[in-house]
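Please walk me through this fold. Start with the core, then take the sheets, the ligand shell and the loops.

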Amino acid sequence: MKRELIITEDGSHTLYLPEMQEHYHSVHGALQESKHVFIEAGLKQQNRSTINLLEVGFGTGLNALLSLQHAHEFGQHIHYFGLEKYPLQAEEYQQLNYGRLLNEHSAYELQKMHECPWNEPVQLTEYFVLQKINNDIHGYNFAALPLFDLIYFDAFAPSKQEGIWTEAIFRTLYNHCKPGAILVTYCAKGSVRRDLQSVGFRMERIPGPPGKKEMLRGIK
Ligand SMILES: C[S@@+](CC[C@H](N)C(=O)[O-])C[C@H]1O[C@@H](n2cnc3c(N)ncnc32)[C@H](O)[C@@H]1O
């Protein structure tokens with residue numbers, strides 16, 4: 001799959017898929033979006049001392065990197081499950097500028113995340129275990145994983161990848177969440193909100209990152 005490196009409006013990189021005409025992040029700012037949607041509206045709202053976190057679409061690892069740094073800063077233990085069907089190639093992740101934009105540890109941390117083996121838990125820091133799962137969410141059997149406290153639903157937009165934003169997938173995820181678990185997504189589409197609601201999440205529309213009026217958050 002051909003992917004192009006793009007600079008978004010806040011200076012951070014994202015990837016563009018010409019075939020799908022879709023970006024991995026908001027063109028208004030990848031880093032800004034990731035911090036707003038997943039860290040501020042998601043991770044910071046889940047104050048349990050130990051968190052099982054599922055990301056649907058590990059991609060560039062940006063959300064995982066910010067989560068690792070948050071875990072360290074706030075002393076939260078995170079077991080991070082990064083589900084990804086199409087892992088990046090080394091020549092793609094090596095070019096990403098997130099390391100340079102964040103702090104002096106970031107480049108090394110991001111590299112470790114991408115280079116560590118798939119499909120097994122890897123203790124990256126005292127607070128952070130990364131388990132990248134190279135699989136398709138369609139038909140994936142979550143039974144072997146612990147129940148989740150937090151889900152980052154970061155698939156491509158429903159207009160590009162409708163099959164992922166389905167009630168069936170939302171129900172599987174809901175059933176694999178602990179009570180009080182939170183799901184966040186950048187998407188604010190009405191049908192997505194209703195489908196998440198119909199499987200049991202209590203949904204709210206909250207302000208989105210710059211360039212996007214709203215996003216969605218659900219609580220089990
Ligand atoms: C919008 S991108 C976000 C990626 C990532 N969260 C990031 O910050 O870079 C969506 C991701 O979902 C992955 N993906 C697409 N279809 C998938 C599927 N069926 N199962 C698992 N992952 C999938 C894509 O390869 C891509 O990495």
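Leaving aside its neighbours within four places in sequence, with which residues is Leu150 in contact? Leu150 is in contact with Gly42, Leu43, Gln46, Ile51, Leu53, Ala181 and Ile182. Contact here requires C-beta atoms, placed from the backbone, within 7 Å.

This is a predicted model: local features need pLDDT of at least 70, side-chain atom pairs count only at pLDDT 80 or more, and totals for chains, interfaces and linings use all residues. Residues are numbered from 1 along each chain as its sequence is written.

**Core and overall form**

Leu150 belongs to the largest nonpolar core, which has 50 residues. Leu53, Val56, Leu150, Ile151, Leu183 and Val184 have the most contacts inside this core. A nonpolar core is a set of buried Ala, Val, Leu, Ile, Met, Phe, Trp, Tyr and Cys residues joined through C-beta atoms within 7 Å. A residue is buried if 20 or more other C-beta atoms lie within 10 Å of its own, exposed if 12 or fewer, and partly exposed in between; C-beta atoms are placed from the backbone. In soluble globular proteins, nonpolar side chains tend to be buried together.

The protein chain has seven helices and eleven strands. Helices (H or I, at least four residues) and strands (E, at least two) are DSSP runs, numbered from the N terminus. The radius of gyration is 16 Å, close to the 17 Å that the globule rule gives for 220 residues, so the chain is as compact as a globular protein of that length. That radius is taken over C-alpha atoms, and the rule is 2.2 Å times the number of residues to the power 0.38. The C-alpha trace spans about 40 × 40 × 30 Å along its principal axes. Buried residues make up 39% of the 220 residues. Of the contacts with a separation of 6 or more, 65% come from residues 24 or more positions apart.

**Sheets**

Eight strands form an open sheet with mixed pairing, in the order E6-E7-E5-E4-E8-E9-E11-E10. Strand E6 (122-123) and strand E10 (202-207) stand at the edges, each with a single partner strand, so one side of each has no neighbour in the sheet. Two strands pair if DSSP finds at least two bridges between them. E4 is mostly covered, with six of its seven residues buried.

A second open sheet has three strands in the order E1-E2-E3, with antiparallel pairing. Strand E1 (4-7) and strand E3 (22-23) are its edges, each with a single partner strand, so one side of each is left without a neighbour in the sheet.

| Pair | Sense | Bridges | Facing residues |
|---|---|---|---|
| E4 and E5 | parallel | seven | Asn52 and His79 |
| E9 and E11 | antiparallel | four | Ile182 and Ile219 |
| E2 and E3 | antiparallel | two | Leu17 and Glu22 |

**Helix H1**

Helix H1 (residues 30-40) is mostly covered: eight of its eleven residues are buried. They are Ala30, Leu31, Glu33, Ser34, Lys35, His36, Val37 and Phe38. Their cover includes E2, H2, helix H4 (98-101), strand E8 (148-153), strand E9 (177-185) and strand E11 (214-219).

**Ligand shell**

How many residues surround the ligand? There are 19, and the closest are Gly57, Gly59, Thr60, Lys85 and Asp154. Helix H2 (62-74) and strand E5 (77-84) are the elements that give two or more residues to this shell. A residue is near a molecule or strand if its C-beta atom, placed from the backbone, lies within 6 Å of it. By class, the shell has eight nonpolar, six polar and five charged residues. Ala, Val, Leu, Ile, Met, Phe, Trp, Tyr, Cys and Pro count as nonpolar, Asp, Glu, Lys and Arg as charged, and the others, Gly among them, as polar.

Take Gly57. Gly57 lies in the loop between strand E4 (50-56) and H2. Gly57 counts as buried because it has 20 C-beta neighbours inside 10 Å. Leaving aside its neighbours within four places in sequence, Gly57 is in contact with Glu84, Asp154 and Ala155. Gly57 and Lys85 are 28 residues apart along the chain, and their C-alpha atoms are separated by 7.5 Å.

**Two positive phi values**

Gln21 is not a glycine, yet its phi is positive, near 50 degrees. Gln21 sits in the loop between E2 and E3. Asn119, also not a glycine, has a positive phi of about 65 degrees. Asn119 is in the loop between helix H5 (106-115) and E6. Gln21 is exposed, with 9 other C-beta atoms within 10 Å. Asn119 is exposed, with 9 other C-beta atoms within 10 Å.

Terms used:
Contact = placed C-beta atoms within 7 Å.
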